[in-house]
Amino acid sequence: MAPQTEEKPAGSEGIPAESTYDVIILGSGIAGSVTGAILAKHGARVLLVDATTHPRFAVGESMTPQLVEWIHILAERHDLPELKSLASVKQSTRDIAPTFGTKAHFGFMKHEVCKEPDPREATQLALPKIFHQNSHMFRQDSDSFMFHVAVKYGCVGKQGWRASDVDFDDDGVTVTGRSGAPGAEPEAFRAQYVVDASGFRSPLAQKFDLRDRPARFKHHSRSMFTHYVGVKRFDDVSGHPKELRPPADWHTGTMHHLIERGWFWIIPFDNHKDSRNPLCSVGLTMDERTYPKPKDLTPEQEFALFLDKYPAVKRQFDGASKVREWVSTDRLQYSSKQTIGDRWCLMSHAAGFLDPLFSRGLSNTLEVVDALTSRLLEAFKDGDYSAERFEYVERLEQGLLQYNDEIVNSSFIAFSHFRLWNAVFRVWGSFITPGTMRLTRARLKHFKDKDQRHFRELEQNDHPGLWWPQSDKFKIILETTSETCEKYEAGALTGDEAADIIFKLLDDSPIVNPVFGWKDEEKRFIYPSVATMGRFLYWASVQAPPEMNSVGREFLLGIVKAGSKVRKLL
């Protein structure tokens with residue numbers, strides 16, 4: 001349990017004891033609220049402030065298997081059962097509201113200007129149910145729910161309160177700000193540590209001039225997005241014959257319409273049988289160098305011009321209407337020179353951002369929450385808030401951005417050539433399963449013996465931020481894919497030559513799962529059945545090389561033992 005601060009530390013003159021906390025968190029989105037709930041559950045005094053109020057619009061609505069596992073890990077590690085309400089569409093509908101959609105797959109359809117899409121130029125990864133039922137999160141409800149959970153566990157919440165200054169000294173940090181009420185007076189609060197979970201306009205990034213200018217990433221994109229009603233199912237407007245459609249309807253998952261150096265997203269909230277939410281999240285993300293932001297068009301006008309270029313996508317919007325104003329950004333990418341300092345942390349989206357292409361935002365966020373909170377709870381015990389203690393968090397945050405840059409930049413390059421995209425799709429998709437299994441394995445071990453070391457062991461790796469961070473072979477595949485796509489971009493390779501290199505790389509690799517079809521170029525729709533999962537687990541446990549074999553064997557053993565324990569409890 002964290003210490004309860006009774007006396008005013010040095011530097012806190014004039015600040016009453018009731019305004020003194022162990023930690024102040026700037027931002028009450030999922031990052032800040034989950035962090036606050038965990039720390040408060042362990043007895044820390046937490047002030048959770050935000051310049052806006054809940055409920056509110058937010059994007060980042062598409063879940064991944066890794067995100068679901070991080071939800072379960074944090075819920076179990078910190079005895080926070082409410083967090084599991086975010087873990088599946090069934091639980092969210094039951095515990096929060098009937099406003100969440102289901103996510104059965106990641107779907108990708110290639111489009112060319114003024115042409116109908118070729119159904120043979122599509123890929124899809126359906127998500128095995130063994131890795132839970134992912135959802136399309138309706139963020140105004142999920143974020144508000146978690147904020148209230150944090151307050152329930154003891155966080156002091158201050159909505160509509162904007163921090164104007166953060167001052168550090170040897171004994172703590174003072175945050176000054178004021179509410180948005182007319183005539184509100186400035187207030188000051190004191191803490192041992194500050195977590196900046198705000199976002200792009202991070203107060204700490206501004207104070208310490210932490211942003212790289214320009215962002216150091218290879219990838220470039222800008223975006224526009226909003227919510228619509230009346231968006232039609234792509235299955236109903238594509239015109240594609242049944243035999244060329246994927247096993248899972250496009251409407252049951254996250255739809256990515258790929259264009260040259262860009263993509264539309266279609267994320268429906270009405271695709272679950274119990275949903276009462278008619279909305280659909282809609283966005284367009286594109287390379288701002290290829291598509292400079294126009295000065296003489298509104299976002300709505302620009303979006304309409306893009307729809308005019310892609311007839312099948314346009315049919316989805318026939319009769320549809322936006323329900324809120326468009327948000328239109330400049331370049332999305334930003335990065336920070338450092339994310340950790342003495343008594344402070346830039347968390348996740350305050351640290352940097354890349355692109356929503358593979359829905360990694362919330363998964364990255366909760367992985368950082370796990371690494372940060374475990375160290376903060378130790379710091380509360382001994383008073384050591386030095387940057388050295390949190391050095392792993394720095395490496396993790398920078399690695400999450402770096403490796404995502406490699407795959408997203410490769411993907412944007414590959415969108416113009418289907419065979420190359422088909423190859424990059426496999427590099428991304430083939431490592432989701434082992435990347436998730438390592439998390440599930442740790443959780444199942446902890447479920448059996450309640451030993452925290454299983455979670456600490458997740459951090460014992462050479463490549464923090466990589467989806468499978470213990471795998472040197474996967475790192476090589478990712479980096480070689482990136483180099484190959486960049487050679488295609490530079491004209492040193494044709495699209496087919498680049499695709500051949502990556503397909504051979506996958507085919508020759510002993511750690512790439514051969515059971516799902518990742519090595520079969522003709523298998524564009526990856527749809528693991530229960531029987532396929534059984535064959536995969538046998539391969540992973542018995543036939544795969546050691547780095548995969550250990551994950552597969554212990555994962556399977558964990559399922560068996562966890563199932564036995566559950567049966568005993570029942």
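The buried residues of helix α4 are covered by elements that include α1, β2 (46-49), α3 (89-95), β7 (156-158) and α9 (361-382), where buried means under 20% relative accessible area with a 1.4 Å probe and protein chains only, and contact means heavy atoms within 4.5 Å. The model is predicted, with local features needing pLDDT of at least 70 and side-chain atom pairs counting only at pLDDT 80 or more, while totals for chains, interfaces and linings use all residues. Residues are numbered from 1 along each chain as its sequence is written, and side-chain values use heavy atoms, leaving out hydrogens and water.

Helix α4 is mostly covered, with ten of its 14 residues buried; among them are Asp141, Ser144 and Phe145. From first C-alpha to last, α4 reaches 19 Å, close to the 20 Å expected at 1.5 Å a residue, a span taken as 1.5 Å times one less than the number of residues. Just after α4, Gly154 takes a positive phi of about 120 degrees.

What of the partner helix? The axes of α1 (residues 30-41) and α4 (residues 139-152) come within 8 Å and cross at roughly 25 degrees. α1 is therefore roughly parallel to α4, a term for angles under 35 degrees. The contact is made by Ile30, Ser33, Val34, Gly36 and Ala37 of α1, and by Arg139, Ser142, Asp143, Met146, Phe147, Val149 and Ala150 of α4.

Elsewhere, Arg201 sits in the loop between β11 (193-196) and α5 (203-207). At 74% relative accessibility, Arg201 counts as exposed, the cut-off being over 50%.

Note on methods:
Axes fitted to C-alpha atoms, helices over the stretch in contact; angles between N-to-C directions. Helix = DSSP H or I, 4+ residues; strand = E, 2+ residues; numbered from the N terminus. Parallel < 35°, antiparallel > 145°, perpendicular 65-115°, else oblique.
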